[in-house]
Every structure is written in structure tokens, then in C-alpha cells.
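Here is a briefing on one protein chain. Keep the sequence and the 3D view open while you read.

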Amino acid sequence: MAKEELSLNQLAKAIYDGAGGMENVQNVVHCMTRVRMSVRDDSKVDQAKLKSIPGVLGVVDDEQLQVIIGPGKVNKVAKEMVDLAGVGLGEDLPEGSGKDKVNAKAAEMKAAQKAKQKNSPIKAILKDISNIFVPMIPAFVGSGLLAGVAAVMANLITAGTLDAATWQQFVDVLNILKNGMFSYLVIFTGVNAAQVFGANPTLGGVIGAVVLLTGMNPEAPIKNLFTGDALAAGQGGIIGVIFAVWLLSIVEKKLHQIIPEAIDIILTPMLSLLVIGLLEIFLIMPLAGFISNGMVGGINWVLSVGGAFSGFVLGALFLPMVMFGLHQILTPIHIQMIGETGKTLLLPILAMAGAGQVGAAFALWIKLRKDKELTEMIKGALPVGILGIGEPLIYGVTLPLGRPFITACIGGGIGGGVIGAIGGVGAIAIGPSGAALIPLIADGKWWGYVLGLLAAYAGGFVATYFFGIPKEKLAEQELADSPETAGVTPLAHATEVFTAVADGSVYPLEAAADPVFAEKMMGEGYFVEPTEGATYAPVAGKISTIFPTKHAIGITTDSGLEVLLHMGINTVELDGKPFDVLVKEGQRVTPETQVATVDLAAVKAAGKGTSMMVLITNMNDVKTHILEKTGVVKASEEVFKAATK
């Protein structure tokens with residue numbers, strides 16, 4: 001009877017249980033196929049229980065307790081195990097009372113773990129921004145659609161198409177529902193940012209709410225330290241809130257360490273709010289205000305130049321201004337223009353920024369169509385974006401990817417340039433954007449605004465399609481388009497020819513020194529005891545995985561066989577030093593392709609075996625197999641065949 005499959009969480013907990021409990025495990029690492037644990041008391045380990053766990057292929061109790069899971073899944077199980085413990089891979093688990101202490105540690109370490117997995121500071125920031133805003137996408141979309149409908153109705157009322165006495169209350173109700181999200185976006189951002197950075201979520205929400213300045217006395221407002229003017233609500237914007245909550249996470253963790261437990265629950269939140277709140281009110285917000293005031297002169301100069309240049313600059317820079325809360329400086333300019341001329345020439349240009357995001361999203365949808373998570377997010381956010389609500393596209397799609405945000409801004413600049421070149425395209429009121437602004441365009445120049453929208457859509461699309469797709473996303477798409485990853489049915493009864501991976505001698509798996517391989521826990525195959533370090537692909541296919549410690553390489557054949565080349569025994573402990581991998585993931589290889597160079601002397605000096613193991617890990621897809629040759633061989637010489645079902 002087949003074992004019932006466990007979830008990753010259940011499997012991780014079951015392994016801890018079999019290892020004598022989480023408190024008996026000192027640290028967790030993994031190689032290409034095994035979760036490796038250092039345990040504190042070997043007598044508490046129940047190997048029979050571990051072997052009986054669904055998903056566990058075998059157990060080896062050597063210098064480390066090794067639980068064989070298999071390639072592709074082992075890294076997820078190990079990650080789940082360290083997440084449960086609140087540590088990183090290889091870091092010691094906390095000793096003591098077990099779950100309570102571990103859970104406290106987990107909350108503290110979660111943000112630090114994420115940071116370690118990222119490749120660069122820029123990617124780390126973008127990933128954190130994504131994690132903050134993606135949970136808000138459903139609310140963005142729902143509120144945004146309501147806001148778009150309300151904006152269209154309000155514009156039709158302003159234009160005289162709809163009767164205000166009949167329709168205004170409908171607009172008011174929709175705006176009340178919409179404002180539940182957008183008026184308090186800084187609070188939701190603070191809560192989510194705190195969860196990402198490892199701070200208390202409620203404190204994060206309070207820090208977000210600080211920028212609303214709800215307790216300030218309007219008769220005696222707080223002064224901007226840089227200019228002496230009254231501090232305005234919202235200065236610093238979303239980015240200011242995120243930065244403040246990041247500081248909160250640092251301060252809060254530090255206070256937890258130094259304040260005695262008896263008064264920690266009282267003093268830590270109070271001091272955290274006091275310190276970060278003061279910084280936010282007297283430094284972060286005034287700094288944003290100082291920058292925004294300094295930009296007024298620049299914007300007025302750009303407007304004075306006029307034409308396509310002004311349109312491009314303003315259309316391209318508007319979204320970055322919104323993110324920093326600097327767009328508020330434009331409201332007086334809009335009002336002044338409407339008061340003097342009956343229309344604002346600035347708003348239609350700035351609306352192009354959102355249109356550039358729409359074009360970029362269409363490009364991402366087409367170019368990365370196999371990324372289901374991304375495309376589903378785009379499909380939900382596009383209708384809202386077309387109506388002028390850009391947050392879902394900005395924070396959920398383009399900004400986390402980096403490049404597309406820049407190319408989307410370029411698209412906005414192109415649309416703004418078109419409107420600037422046409423000239424005289426103005427709006428009779430402020431507030432809405434996107435397609436919802438069309439009814440408010442003055443003097444019958446709605447056609448000029450529509451041309452600008454189309455130009456921004458096209459500009460964002462073209463710039464993103466050709467220059468804005470991140471390289472790693474393109475690589476993922478290429479893999480998704482290949483037969484072995486695109487769900488293509490494997491060729492019926494295909495026969496794959498396997499070769500020796502190095503000069504040396506070929507042996508059946510039963511002769512392997514490692515019982516995991518000898519007992520075929522990972523699958524069928526063979527191994528080569530090499531005499532030379534030049535190592536070649538054992539079969540034709542595409543490189544699917546290169547393990548970070550370079551000792552193992554996964555290859556997927558065109559018929560769907562998953563092949564593991566494991567270079568040496570227990571060589572994961574060498575941290576890749578003896579290995580020089582010459583291929584990259586996604587690259588096609590043949591038995592004539594050298595995939596690595598191995599310093600055999602260094603492997604032996606470290607006390608590790610040099611056997612080059614070749615395994616088929618999805619044996620359920622294999623109909624027949626045969627080891628055709630043993631003994632002395634040359635690299636790339638045919639030694640093994642396997643036929644798929």
C-alpha cells in the first residue's frame with residue numbers, strides 16, 4: 001500500500017520527530033539528495049521512524065544523520081526545517097525548552113534569513129517591496145475598480161453628462177469604499193513591512209499612520225526643520241514609511257536584547273515608537289518636504305520650456321515622485337492653473353505615467369506568459385491600471401522586477417512628450433487619471449489625450465519588451481519553453497545512451513562505498529572511479545540544476561529522464577573548492593561536453609571518495625535499463641542504456 005504523501009511542513013516536522021525532536025538537532029544542511037543533521041544525542045534518534053516517513057527514501061547515520069529525500073525536493077524540505085526553527089541553513093538551533101524558545105527565535109530571524117538568500121542589495125530591496133505589497137493586490141484591485149467607476153461617474157457629472165442630484169451619492173458611496181484602502185495605505189504598508197522586516201506588525205501600522213499627522217494641532221502645526229514651513233501630511237510617502245519600519249525592526253530587536261524580560265512588553269514598544277516616531281516626524285518627513293519644495297523651481301522651469309521636452313520629463317519622473325510622496329507639491333500648481341485658465345495642462349501629462357505601466361504590463365504578460373503567478377497578477381491589475389489606479393501594477397508587478405519599472409517610466413515619458421508636442425491638452429478638474437480622465441479634457445482636445453495614452457501604452461510596451469525583461473526571468477521562460485519543462489509528453493519508448501563521465505573504471509552501483517547509492521535509494525545507474533579530473537556529461541540533455549557547492553549537476557534528457565551526476569562521496573562538505581563547473585543552468589550538453597574539472601588530489605586529501613555517480617532519479621519513467629560495460633573506459637565511451645516507458 002502506497003504511503004500517503006506529506007506536505008513539506010508535515011515532512012519537516014516528521015523528520016524532526018524521528019531525529020529526537022527539534023531540540024535534539026544542532027543544525028540542518030542539505031546536499032543534492034539528503035537532509036544532513038548534526039544531532040546532540042544519537043540515542044534519541046529513531047531510524048525506524050525516519051525510514052517509515054512518506055517521502056523519505058533512506059537514512060544513513062554517519063558523522064551526520066542523513067535523511068535521503070531526493071533532488072529537487074530536498075532543498076525545500078531543508079528550508080522548511082530551518083524556517084520552523086527560525087535559523088538559517090547551517091546555523092545552530094537554539095538549545096533549551098524546544099518549541100517555545102524556537103518559535104520566539106523564528107519570529108526574530110525570519111527577515112534575516114530572507115536577506116541571506118538574496119543576490120544583491122538592489123534585488124533584496126525589490127524583493128522586500130514585492131513581499132510588502134503583493135498581499136495587498138486583491139484590495140488594490142477591488143478598491144481600484146470602484147475608484148475607477150467613481151472617477152468616470154464624477155467626471156461625467158462635472159462634464160454635465162450626468163445629473164449631480166441623481167448620481168452624486170452613488171459616487172460618494174463608491175469613494176467611501178475606495179478610501180478604506182487608499183486613505184490608509186500607509187498603515188497597511190507599515191503592517192506588511194513590519195512582517196517582512198521582523199518587527200511587530202501593529203507597531204509597523206502605527207509608524208505608517210504617523211505620516212498622516214492625525215494628532216497635529218492645525219493652529220500650531222509642527223514645523224519642517226529644513227524650511228520652517230508647516231509639516232504636511234503624507235510627506236515621505238510610501239518609501240518613507242518602509243524606511244521607518246525597517247529602522248523600527250532594528251531598534252525593536254535591539255531593545256528586546258537589552259531590556260529585562262519583566263518589563264520588556266512595556267518599555268520596548270513605547271521606546272520603539274518614541275524613537276522611530278520622532279525620527280519620522282522630525283527627519284524623514286521634513287527631508288521629503290525639503291526635497292519636494294526644492295523641486296518646485298525645477299518643475300516650473302520644465303513647464304516654462306514647454307513642448308515635448310517638458311512632457312517627456314514630467315511623464316517619466318511622476319511615478320518616482322509619487323513613491324516618495326513628492327507629488328503633493330503639484331496640487332497647488334494644478335489649482336493655480338485651473339483658477340487662471342480654467343484647466344490644468346499638467347495633469348494629462350502626469351497621467352501618462354500610469355499608461356506607461358499598462359504598456360509595460362502587457363509586454364511582461366506576453367514575454368513571460370509561462371509565469372502563471374505573474375500573469376495572474378497582471379490580469380487582475382490591468383483593468384484597474386487602465387482606469388488610472390496604478391498601485392497594483394507598480395508595487396505588484398513592475399517595481400519588484402526592477403527593469404520594467406524603468407521602461408514603464410520611459411513609456412510614460414513618451415506619452416507625456418506626445419501631449420506636450422500637441423499642446424493645449426488640459427483637464428478641468430484634478431483627481432482621476434488613465435482612461436477615466438477622458439471626460440474631463442477641456443476644449444474638445446480629448447483626442448490629443450487619447451493619442452498620448454496610446455503613445456504611452458506603446459512606448460511602455462516596446463521599451464519593456466526589448467529592454468525591460470530581467471535576465472533571470474528570460475532564463476526561466478526559456479526553460480519553461482523547453483520540452484522537458486513545458487509539460488510535453490516524453491517520447492514513447494525512447495532509448496537514452498549513457499557514457500563514462502571520465503577516464504577510469506566503470507562499476508555497477510552495488511559496488512559503491514556509500515550505502516545510499518549502493519542500495520539504490522536514489523535510483524539506478526553506475527559510477528566511474530576516475531583517473532583524470534576532466535568530467536563530461538553522462539547523457540545528452542539540458543542542465544537543469546547546478547548545486548551551490550558544485551559537487552552535483554542535474555540533467556534532463558529530451559525523453560524526460562532526470563539524471564544526477566554526483567561528483568565524489570560526501571563532497572558537499574568541501575564547499576565547492578575542488579570543483580570548477582564549466583556549464584550553466586539551461587545549457588544543452590552532450591557526452592562530448594566537459595561539464596566540470598575536479599581536483600581529485602584535493603578530494604582525496606580531504607578524506608572523501610572520488611567516485612563519479614550517475615543516477616536516474618525518476619525510475620518510474622524507465623522501462624528497461626542495462627549496464628553494458630564495466631572495467632577500464634575512456635571518457636564519453638558508451639556504458640549504459642535506459643529505455644523510457
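What covers the buried residues of helix 7? The cover includes helix 6 (137-158), helix 8 (185-197) and helix 17. Keep in mind that this is a predicted model. The chain has 645 residues, and 49% of them count as buried.

**The whole chain**
- The chain contains 22 helices and 18 strands.
- Take the contacts in the chain with a separation of 6 or more: residues 24 or more positions apart account for 70% of them.

**Helix 7**
- Helix 7 covers residues 164-182.
- Its buried residues are Val171, Leu174, Lys178, Met181 and Phe182.
- An α-helix has 3.6 residues a turn, so residues three or four places apart point the same way.

**Helix 12**
- Helix 12 runs over residues 307-323, which is 17 residues.
- From its first C-alpha to its last, helix 12 reaches 26 Å. That is close to the 24 Å expected at 1.5 Å a residue.
- Where is the kink in helix 12? It lies at Leu317, shortly before the proline Pro320, and has an angle of about 35°.
- Helix 12 has buried residues, among them Ser310, Gly311, Val313, Leu314 and Gly315.
- Ala316, Phe318, Leu319, Met321 and Met323 of helix 12 are buried too.

**Helix 15 against helix 17**
- Helix 15 spans residues 352-367, and helix 17 spans residues 391-401.
- Their axes come within 11 Å and cross at roughly 65°.
- The crossing of helix 15 and helix 17 is left-handed.
- Which residues make the contact? Helix 15 supplies Gln357, Val358, Ala360, Ala361 and Leu364. Helix 17 supplies Leu393, Ile394, Val397, Thr398 and Leu401.
- By type, the residues of this contact are eight nonpolar, two polar and no charged.

- Gln357 sits in helix 15.
- Is Gln357 buried or exposed? Gln357 has a relative accessible area of 1%, so it is buried. The cut-off for buried is under 20%.
- Set aside its neighbours within four places in sequence. Gln357 is then in contact with Leu393, Ile394 and Thr398, among others.
- Other partners of Gln357 include Leu319, Phe405, Ala408 and Cys409.

**Leu346 in helix 14**
- Leu346 lies in helix 14, which covers residues 346-350.
- Leu346 has a relative accessible area of 0%, and therefore it is buried.
- Which residues does Leu346 touch, not counting residues up to four places away in sequence? They are Leu303, Leu314, Leu330, Ile333, His334 and Met337.
- Leu346 and Ile419 are 73 residues apart in sequence. In space they are 9.9 Å apart, C-alpha to C-alpha.

**The loop between strand 9 and strand 10**
- Strand 9 covers 541-546, and strand 10 covers 552-556. Thr549 lies in the loop between them.
- Thr549 counts as buried because its relative accessibility is 14%.
- Not counting residues up to four places away in sequence, Thr549 touches Val572, Asp575, Gly576 and Phe579.
- Thr549 and Gly576 are 27 residues apart in sequence but 4.3 Å apart in space, C-alpha to C-alpha.
- Lys550 lies in this loop as well.
- Lys550 is at 35% relative accessibility, so it counts as partly exposed.
- Lys550 has a positive phi of about 65°, although it is not a glycine.

**The loop between strand 17 and strand 18**
- Ser636 is placed in the loop between strand 17 (631-633) and strand 18 (638-644).
- Phi of Ser636 is positive, near 75°, and Ser636 is a residue other than glycine.
- Ser636 counts as partly exposed because its relative accessibility is 23%.

**Tyr526 in strand 7**
- Strand 7 covers residues 524-530, and Tyr526 lies in it.
- Tyr526 is at 0% relative accessibility, so it counts as buried.
- Tyr526 and Ala500 are 26 residues apart along the chain. Their C-alpha atoms are separated by 9.1 Å.

Terms used
Residues are numbered from 1 along each chain as its sequence is written. This is a predicted model: local features need pLDDT of at least 70, side-chain atom pairs count only at pLDDT 80 or more; totals for chains, interfaces and linings use all residues. Side-chain values use heavy atoms; hydrogens and water are left out. Helices (H or I, at least four residues) and strands (E, at least two) are DSSP runs, numbered from the N terminus. The expected span of a helix is 1.5 Å times one less than its number of residues. The bend at a residue is the angle between axes fitted to the seven residues ending there and the seven starting there. Buried means under 20% relative accessible area, exposed over 50%, partly exposed in between (1.4 Å probe, protein chains only). Axes are lines fitted to C-alpha atoms, for helices over the stretch in contact, and angles run from 0 to 180 degrees between N-to-C directions. A crossing is left-handed if the near helix is turned anticlockwise from the far one by less than a right angle, and right-handed if clockwise. Contact means heavy atoms within 4.5 Å. Ala, Val, Leu, Ile, Met, Phe, Trp, Tyr, Cys and Pro count as nonpolar, Asp, Glu, Lys and Arg as charged, and the others, Gly among them, as polar.
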